[in-house]
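Okay, thanks for coming, everyone. Let me put the model up on the screen, and then I'll walk you through a few spots in it.

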Amino acid sequence: MNAKSDLSPIKQIPIIEVAKRLGIEVRGTKAMCFMGHDKASPSLSFSINYNTWRCFGACGKHGDAINLVMEKEGLDFNAALEWFSNNFNADVKRQFSGQRKRTCSIKQNNAMVAPVQKQSEFFSDSELYTWFVNKCAFVSNPVGVNYLESHGISDVAASRFNLRQMSSPARAFRMLLQQWGEDRVFRSGIAWGRDGKPISLIWGSYALLFPFYDEVKITYIQARMFEKEPKAKFLNLRGITKPLFNADRLKSLPAGQTVHLCEGVPDVVSLESKGLIALGVLGATSFRTEWVDRFLKFKVVVLGDGDEGGAKFAKDISKYFIDRGKPVQCMTLPKGKDVSDVLAQDGSAK
Ligand SMILES: [Zn+2]
């Protein structure tokens, strides 16, 4: 009940501020859609008057600030609220103490209901993901091979992490539909579409696939894309909560070991190629406070890329640990370099 009145501070944050904090590059009231389907012109539009957003492109998504965070970060409703308290702490607090009136309880009530429906729309379909990834070929296309080489990813690591390539989106999409049917393909978040009907695979061109494992099951897939036009290099599944990459690594690891926490997936595979222990987080905002528990008995090194985003990543992730009284070492790589750059240089120097 209290949660109802607590939503209004979030709803008063300007939608464009929320979008910017999510890393969406807003020009005026427009942006390239965060789902990655825009090629030339931006189809994401923000309404300052209504404080809402809508995509007029392939995904057709729309909603308020909370929906935006849920969609962009793949969070559920409660995790999205947590995101707001982490990212707009001051604003929320000020509003909490200032206005406690419940003048528009009906509106807020709707807002509570809508995300629940959204949440059940997509689900992590490990049966489908596992089947699909294992149908895809090992990385043999020069584009993919070069990428792995330049990121210091050895053949051994590529096969250990079961990295695959997807070369023909249309064929892959047909295969998926045939095996699993429209409803499951849509709800697995692997396809564009509307109202439960899948239209095409989210990956519209050659893609390098990084499967996320929980034991032998694949619970998530992130893809590295190579086309020049769409801005998104990495594409995530639609509406699926982003898990930790290489999370299984901690299960049999003796206490006291050093664990590197990286932003993104390729850095993890690079570090593991060099015999280090690494896990990946798909953006600081996807980190869940409860994950801290898994790291308590290890030495944790948070690695940020050498840019503004990387420094913020390292700072934000460290905060989760420090808040729990767990000290972490924070490292930022040289400016403009990521782990793979440093390792690739290191490798070629030898
Ligand atoms: Zn869109």
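Let's start with the metal. The site of the zinc ion is tetrahedral, with angles of 102 to 115° among its 4 donor atoms. By tetrahedral I mean four donors with all angles between 85 and 135 degrees, and donors are N, O and S atoms within 2.8 Å of the metal (3.2 Å for Na, K and Ca); water is not among the atoms, so sites may look incomplete.

Quick housekeeping. This is a predicted model, where local features need pLDDT of at least 70 and side-chain atom pairs count only at pLDDT 80 or more, while totals for chains, interfaces and linings use all residues. Residues are numbered from 1 along each chain as its sequence is written, and side-chain values use heavy atoms, with hydrogens and water left out.

Back to the zinc ion. Which atoms coordinate it? They are Cys-33 (SG), His-37 (NE2), Cys-55 (SG) and Cys-59 (SG), at 2.0 to 2.3 Å. Along the chain, the spacing of these donors reads C-x3-H-x17-C-x3-C. Strands here are DSSP runs (E, at least two residues), numbered from the N terminus.

The cut-offs: buried is under 20% relative accessible area, exposed is over 50%, and partly exposed is in between, using a 1.4 Å probe and protein chains only.

Staying with cysteines, Cys-136 is buried too, with a relative accessible area of 9%. And how many disulfides does the structure hold? The count is 0, taking a disulfide as a pair of cysteine sulfur atoms within 2.5 Å.

Next, the loop between β2 (44-47) and β3 (52-55), which holds Asn-49. Asn-49 is exposed, at 73% relative accessible area, and its C-alpha atom is 9.6 Å from that of Pro-14, 35 residues away along the chain. Asn-51 is in the loop between β2 and β3 as well, but Asn-51 is buried, at 15%.

Last thing, backbone angles. Most residues other than glycine have a negative phi. Asn-51, though, has a positive phi, near 55°. Asp-195 has a positive one too, near 50°; Asp-195 lies in the loop between β7 (191-194) and β8 (197-201), and is exposed at 75% relative accessibility.

How values were computed:
Helices (H or I, at least four residues) and strands (E, at least two) are DSSP runs, numbered from the N terminus. Four donors count as tetrahedral if all angles lie between 85 and 135 degrees; four count as square planar and six as octahedral if opposite donors are over 155 degrees apart and all others between 65 and 115; anything else is irregular.
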